[in-house]
Amino acid sequence: MLDQKLIRENPACVEENLSLRGKVYDITRIHELTVRKKEIDIEISSLQSESKKLSKLIGQEIRKCQDNNSKELNNLKKKGNEYRIKISEFEEKQRILDEQINNEISNLPNFPSKDAPTGKDESNNVQVKTWGNPLKANNLKSHWEIGESLNLFESIKSTKMSKSRFITLIGNGARLERALINFMLDMHTKNGYLELMTPALVNSESLKGSGQLPKFSNESFKCSNDDLWLSPTAEVPLTAFHKNEIIDPKRLPIKYVAYSPCFRREAGSYGKDTKGLIRLHQFNKVELYWFCNPSKSLEAHKKITSDAENILQKLELPYRLVDICTGDLGFSSSRTFDLEVWLPSSKCYREISSCSNCLDFQARRSAIRTKIDKKNTYLHTLNGSGLAIGRTMAAILENGQQSDGSVKIPDSLVPYFGSNFLKTP
RNA sequence: GGAGAGGUGGCUGAGUGGUCGAAAGCGAACGAUUCGAAAUCGUUUAAUAGUUAACUAUUCGUGGGUUCGAAUCCCACCCUCUCCGCCA
């Protein structure tokens, strides 16, 4: 959420910053609303002050002269009643304004960072660096072909139990998934992250707090009988973990790692990535999350990204780092570095981690603050996948494939998986 | 799901419709005492918003209602605890 005060006092600056996303934002209406609300706030406050004084006076009069039915007293009470009516009228106006402002303001995305490359869409994203040597050859198998030949997962049967875009992992496939989760959690907890295991169902407030609602209700699954949604990413419960808190600056940065299943409707992606592990309604992910001092978030952003990179390097998977351009940034993010892993069968890099600095955008939506010079200040939040498990598995299968049809398991994963090669059962 | 008991400042815990933003205690801060410390004594100490002090407003689980005035009365909801039921 953007700062209401900034909208009220400097709407031109807000429009200018938003327009960096490559679209035109007109905030005239919301600006007017905030100005009117401010006026009403002041009005209400002074009316309340008068009414409070009057009530006190009535109390004193009653104690002074036992007779609590005198003419003067009744006049005073009548006057008090008038205040009450007037105040409630203003409060009604205030309530409506608040609602309107909230509706509008929570649909505005975060300001892009000035450091992010400007551009309209993903074609303007900037490759910052690459790591490793991408495997390039013809006759390379796709991960779903490997999965089938080694009997690692199954999607046809999964549509029987659920629908398309769900998968059942089998035998070594399930084992590899589990190994990857444990490996990543261990790496990150050794590296200073505290592990959380959060609820998979989250309420609407939480989704608003991290920016998925109200704008993207289409992208999550909702429970019909409760105000609960299947969490699309652990970022949601992790943000909500400290909702409405003022965190002692001595505790910052707070670094969490959480494994969670993630549920996404993938509306509008019909026909894309229909095979394999790339785009599923349910997938596993290990998520990194930081709450940090506002002055430290640029540094933190580099660190969280390199913590995610570290996993790719340990798994010996070639990847590149991409600086997401202003037009392609997610709703809550001011700057995002994507890590894209090399998938030899499709001869391209695919997103496997997205590391974002949300500045105070989520913190304001979720009311998470810290004390700076005795003043309450919204802190900064950052999130990054470390990593998406399914896509990691796909990358391991494709990059580790051998001419005999087996798959080499990266050395650092062997203690977790229990053997050096995946072979036909 | 059923029955009961609760939800008040950093914590414990009083609170009768009117100097109640709230007793008392603990804790914390400062001071005195001391070579220093403990103990003792004294003073101070809720938060949030309005850019700041002053000032004003809000806040006793949340949202409504009654009233000139609500921590206190009424209604709804949420949460916690105990017991019962069910259950991985």
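This is a predicted model: local features need pLDDT of at least 70, side-chain atom pairs count only at pLDDT 80 or more; totals for chains, interfaces and linings use all residues.

Colleague: Which domains does chain A have?

Modeller: Domain 1 covers 4–105 and domain 2 covers 122–422; the bounds come from an automatic or database domain assignment. Their centres, taken over C-alpha atoms, are separated by 44 Å.

Colleague: Backbone next. Which peptide bonds are cis?

Modeller: One is the bond from L213 to P214, with omega near 0°. Another joins G386 and L387, where omega is about 10°.

Colleague: Where are P214 and L387?

Modeller: P214 is in the loop between helix 8 (204–210) and strand 6 (229–230), while L387 is in strand 15 (residues 380–388). Helices (H or I, at least four residues) and strands (E, at least two) are DSSP runs, numbered from the N terminus.

Colleague: And why look at phi?

Modeller: Most residues other than glycine have a negative phi, and most peptide bonds are trans. R165 is not a glycine, yet its phi is positive, about 70°. D273, also not a glycine, has a positive phi of about 45°.

Colleague: Is R165 buried or exposed?

Modeller: R165 is buried, at 15% relative accessible area. D273 counts as partly exposed at 21%. Buried is under 20% relative accessible area, exposed over 50%, and partly exposed in between (1.4 Å probe, protein chains only).

Colleague: Where does D273 sit?

Modeller: In the loop between strand 8 (254–263) and strand 9 (282–292).

Colleague: Change of topic. How many residues are in the largest nonpolar core?

Modeller: It has 50 residues, and L176, L180, L397, L413 and L422 have the most contacts inside it. The largest share, eight residues, comes from helix 7 (residues 172–190). Such a core is a set of buried Ala, Val, Leu, Ile, Met, Phe, Trp, Tyr and Cys residues joined through side-chain atoms within 4.5 Å.

Colleague: What is L413 in contact with?

Modeller: Leaving aside neighbours within four places in sequence, L413 is in contact with L176, A179, L180, F183, L315 and I396. Contact means heavy atoms within 4.5 Å.

Colleague: Why is helix 12 largely enclosed?

Modeller: Because 11 of the 11 residues of helix 12 (residues 389–399) are buried. Among them are R391, E398 and N399.

How values were computed. Residues are numbered from 1 along each chain as its sequence is written. Chains are lettered from A and ligands numbered from 1 in the order in which they are written. Side-chain values use heavy atoms; hydrogens and water are left out.
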